Amino acid sequence: MTPRDPGLQPERTLLSWRRTGWSMLIPGLLCLRIWFHHNEPLHGISALLLILTGAAMLVGVARGRTSLIAGLVTGSGLLLLIALSGVAGNLAGQ
């Protein structure tokens, strides 16, 4: 039996996770900048989630821990959704 050739799939997956990490860091830094100028709590929470998750993803990619990365993306997305629904609820109540 010949061993299975994975082709380029592992490399494409690694590059995809790197791209996702960078795409979380850059908006996180922009949210941080807005938070410093306008002191809005949603931007501070978003900046914290995006920067920490993006940095953890890049570190996870460097160490080869893809299951940890998938959990981080899912968890941060859920936390951000909860924060946004809380803000939307507050705006609707005003």
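**Working chat on the model**

Biologist: Where is Thr53 found?
Modeller: Thr53 is found in helix 2, which covers residues 41–63. Keep in mind that this is a predicted model.

Biologist: Is Thr53 buried or exposed?
Modeller: Thr53 is buried, because its relative accessible area is 7% and the cut-off for buried is under 20%.

Biologist: And what does Thr53 touch?
Modeller: Leaving out residues up to four places away in sequence, Thr53 touches Met24, Leu72, Val73 and Ser76. Of those, Met24 is also one of the buried residues of helix 1.

Biologist: Staying in helix 2, which residues are buried there?
Modeller: Gly44, Ser46, Ala47, Leu49, Leu50, Thr53, Gly54, Met57, Gly60 and Val61 are the buried residues of helix 2.

Biologist: Ser46 is polar-looking by name. Is Ser46 buried or exposed?
Modeller: Ser46 is buried, with a relative accessible area of 9%.

Biologist: What lies 2.9 Å from a polar atom of its side chain, the one of Ser46?
Modeller: The backbone oxygen of Leu42 lies at that distance, 2.9 Å, from a polar side-chain atom of Ser46.

Biologist: And which residues is Ser46 in contact with, beyond its neighbours within four places in sequence?
Modeller: With those neighbours set aside, Ser46 is in contact with Cys31 and Leu80. Cys31 is itself buried, in helix 1.

Biologist: How far does helix 2 reach from its first C-alpha to its last?
Modeller: Helix 2 has 23 residues and reaches 33 Å, close to the 33 Å expected at 1.5 Å a residue. After helix 2 comes Gly64, with a positive phi near 80°.

Biologist: Now helix 1. How many residues, and what reach?
Modeller: Helix 1 runs over residues 9–38, which is 30 residues. From first C-alpha to last it reaches 43 Å, close to the expected 44 Å.

Biologist: Which residues of helix 1 are buried?
Modeller: Trp17, Gly21, Met24, Leu25, Gly28 and Cys31 are buried in helix 1.

Biologist: What follows helix 1?
Modeller: Asn39 follows helix 1, and the phi of Asn39 is positive, near 55°.

Biologist: Switching to rings. How many aromatic pairs does a search of the whole structure find?
Modeller: The search finds 1 aromatic pair. The pair is Trp35 with Phe36, and its geometry is tilted, at 5.4 Å centre to centre and 35° between the planes.

Biologist: Why do you call Phe36 exposed?
Modeller: Phe36 has 59% relative accessibility, so it counts as exposed, the cut-off being over 50%.

Biologist: Zooming out, how many helices and strands does the chain have?
Modeller: The chain has 3 helices and 0 strands, and from the N terminus on its elements run α-α-α.

Biologist: What radius of gyration does the chain have?
Modeller: The chain has 17 Å, whereas a compact globule of 94 residues would be near 12 Å. The C-alpha trace spans about 70 × 25 × 15 Å along its principal axes.

Biologist: What share of the 94 residues counts as buried, then?
Modeller: For the chain, 20% of the residues count as buried.

Biologist: Last one: what share of contacts joins residues at least 24 apart?
Modeller: Among contacts between residues at least 6 apart in sequence, the share is 58%.

Note on methods. Residues numbered from 1 in each chain as written. Heavy atoms only, no water. Helix = DSSP H or I, 4+ residues; strand = E, 2+ residues; numbered from the N terminus. Expected span 1.5 Å × (residues − 1). Buried < 20%, exposed > 50% of the residue type's maximum accessible area, 1.4 Å probe, protein only. Phe/Tyr/Trp six-rings, centres within 6.5 Å; stacked < 30°, edge-to-face > 60°. Contact = heavy atoms within 4.5 Å. Polar contact = N/O pair within 3.5 Å; in protein donor to acceptor, adjacent residues only side chain to side chain. Rg over C-alpha atoms; globule rule 2.2 N^0.38 Å.
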